[in-house]
Amino acid sequence: AANAARKGDFDLLLKTADEIIKSSPGISDGYILHATARLGMKDISGAEADLKKAIPVMSSAWRQWLVV
């Protein structure tokens, strides 16, 4: 994903983010990568929608860190 972002290959980044979201919907990383790809594609409203999906996931993840 990092290489795709560095190269500006936002289609690949979008596909990678989709795979992460599909396999781990409870982790915010996929939604953040998806938003990054959409920003690179100048899809501001799509990026905003992705980040709105990431926020509830991120806010619920704090409980996991209490255990660590």
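At 3% relative accessibility, Asp 50 counts as buried (buried means under 20% relative accessible area, exposed over 50%, and partly exposed in between, with a 1.4 Å probe and protein chains only). You're looking at a predicted model, where local features need pLDDT of at least 70 and side-chain atom pairs count only at pLDDT 80 or more, while totals for chains, interfaces and linings use all residues. Residues are numbered from 1 along each chain as its sequence is written, and side-chain values use heavy atoms, with hydrogens and water left out.

**The overall picture**

- The protein has 4 helices and 0 strands (DSSP runs numbered from the N terminus: H or I with at least four residues for helices, E with at least two for strands).
- Going from the N terminus, the elements run α-α-α-α.
- Of the 68 residues in the protein, 25% are buried.
- The accessible surface comes to about 4,800 Å², and carbon and sulfur atoms hold 61% of that (areas come from the Shrake-Rupley method with a 1.4 Å probe; for residues, only the protein chains shown count as cover).
- Among contacts with a separation of 6 or more, 35% join residues 24 or more positions apart (contact means heavy atoms within 4.5 Å).

- H2 has 14 residues and reaches 20 Å from first C-alpha to last, close to the 20 Å expected at 1.5 Å a residue (the expected span is 1.5 Å times one less than the number of residues).
- Leu 13, Leu 14, Ala 17 and Ile 21 are buried in H2.
- Seen down the helix axis, the buried residues of H2 fall within an arc of 100°, so they line one face (the arc is that of the directions from the helix axis to the C-beta atoms).
- Those buried residues of H2 pack against helix H1 (2-7) and H3.
- Turned away from the buried side, the other face of H2 carries the exposed residues Lys 15, Glu 19, Lys 22 and Ser 23.

**Charged pairs**

- Side chains of opposite charge can pair when their charged atoms come close.
- The count here is 2 salt bridges (a side-chain nitrogen of Lys or Arg within 4 Å of a carboxyl oxygen of Asp or Glu).
- One of them joins the side chains of Arg 38 and Asp 50, at 3.3 Å from N to O.
- Arg 38 sits in helix H3 and Asp 50 in helix H4, so this pair ties together parts that are 12 residues apart in sequence.
- Arg 38 is partly exposed, at 22% relative accessible area.
- Leaving out residues up to four places away in sequence, Asp 50 touches Tyr 31, His 34, Ala 35 and Arg 38.
- Lys 52 and Glu 48 also form a salt bridge, with their closest N and O atoms 3.5 Å apart.
- Lys 52 and Glu 48 are 4 residues apart in helix H4, which means about one helical turn separates them.
- Lys 52 is exposed at 53%, and Glu 48 is partly exposed at 43%.

**Loops and a surface patch**

- Ser 28 lies in the loop between H2 (10-23) and H3 (29-40), and it is buried, with a relative accessible area of 13%.
- Ser 28 touches Ala 54, Val 57 and Met 58, not counting residues up to four places away in sequence.
- Met 58 is in helix H4 and counts as partly exposed, at 44% relative accessibility.
- Together with Ile 32 and Leu 51, Met 58 forms a nonpolar surface patch with about 240 Å² of accessible area (patch residues have over 30% relative accessible area and no salt bridge; like charges are joined within 9 Å, and nonpolar side chains, meaning Val, Leu, Ile, Met, Phe, Trp and Tyr, within 5 Å).
- Lys 42 is in the loop between H3 and helix H4 (44-67), and it is exposed at 71%.
- Lys 42 isn't a glycine, yet it has a positive phi of about 65°.
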